[in-house]
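Okay, thanks everyone for coming.

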Amino acid sequence: MKRTLKEVVYISELLDINFQDIYAVHDLLAYYYPDRIKSLQQNQSHHHVYPYYGVVFSTRNSTFNPDKCGQTDVTLYPQFFVLDINCPKTVLEHELGHLAWANHDIDTLSDQTEGYLFDLATWLPVGLHSKIKQYAYGYRCGGKGTVMSYADELHPFYSSPSIAFDGIACGNDVYADNARVLREYAEAKLEITN
């Protein structure tokens, strides 16, 4: 499976709007382009395509926290992301990882979920519990984090016990194999479209 860019659309209606969160941005897209958004959401299984769509913005038009370069909410918008054009290129891959149900490294996630390490079910609707994989976490190895980590420096790959950096494994079969999460996600999408 390979990702391809279909198109880039300049949306002048969003130019002067101060972005506050992903929900407001999506609501504005749905308001100005209802047919296009509906088409993208309905096109999930057409011609082996699962279209992602997003808004790339500049921090000068945003009240987003500058420490947060991107955002998704896979539970509400399973195809949609928002990111800042001035952020590192790993941010897009990080957000696409979230849309495939990959999670942050355990240290980061523990801080974000007040210690509910492997019980993400407490944070998600019951209908989405099957999406949670115990091995869907980022990892830190060789002084850097994998793509889903919040480390200061990142490796350009997802956690995987099959990848090593300076002789140190960059994942674990039990709790840190986001590369597997992405493969399984892609395989499931291919099964849907066949």
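Let's start with Cys-69 and Cys-87: both are buried, and by buried I mean under 20% relative accessible area, with exposed being over 50% and partly exposed in between, using a 1.4 Å probe and protein chains only. Before I go on, this is a predicted model, so local features need pLDDT of at least 70, side-chain atom pairs count only at pLDDT 80 or more, and totals for chains, interfaces and linings use all residues. Residues are numbered from 1 along each chain as its sequence is written, and side-chain values use heavy atoms, with hydrogens and water left out.

So what joins Cys-69 to Cys-87? A disulfide, with S to S at 2.0 Å; the rule for calling one is a pair of cysteine sulfur atoms within 2.5 Å. Cys-69 is in the loop between E1 and E2, while Cys-87 is in the loop between E3 and helix H3 (90–99), 18 residues apart, and the pair links distant parts of the chain. Those labels are DSSP runs numbered from the N terminus: helices are H or I with at least four residues, strands are E with at least two. The torsion about the S-S bond of Cys-69 and Cys-87 is about -75°, so this disulfide is left-handed.

How many disulfides does the rule give? The count comes to 2. The other joins Cys-141 and Cys-170, again with the sulfur atoms 2.0 Å apart. Here the torsion about the S-S bond is about 95°, so the Cys-141 and Cys-170 disulfide is right-handed. Cys-141 lies in strand E4 (residues 140–141) and Cys-170 in strand E7 (residues 168–170), so the bond ties together parts 29 residues apart in sequence. Cys-141 counts as buried at 2% relative accessibility, and Cys-170 is buried at 0%. Number the bonded cysteines in sequence order and you get 1-2, 3-4.

Now, strand E3, residues 80–84. In E3, 5 of its 5 residues are buried. Side chains in a regular strand alternate between the two faces of the sheet. In E3 both faces are covered, with Phe-80, Val-82 and Asp-84 on one side and Phe-81 and Leu-83 on the other.

And its partners? Two strands pair if DSSP finds at least two bridges between them. E1 (residues 53–57) runs parallel to E3 over 5 bridges, with Val-55 opposite Val-82. E2 (residues 70–72) pairs with E3 in the antiparallel sense over 3 bridges, and there Thr-72 stands opposite Phe-81.
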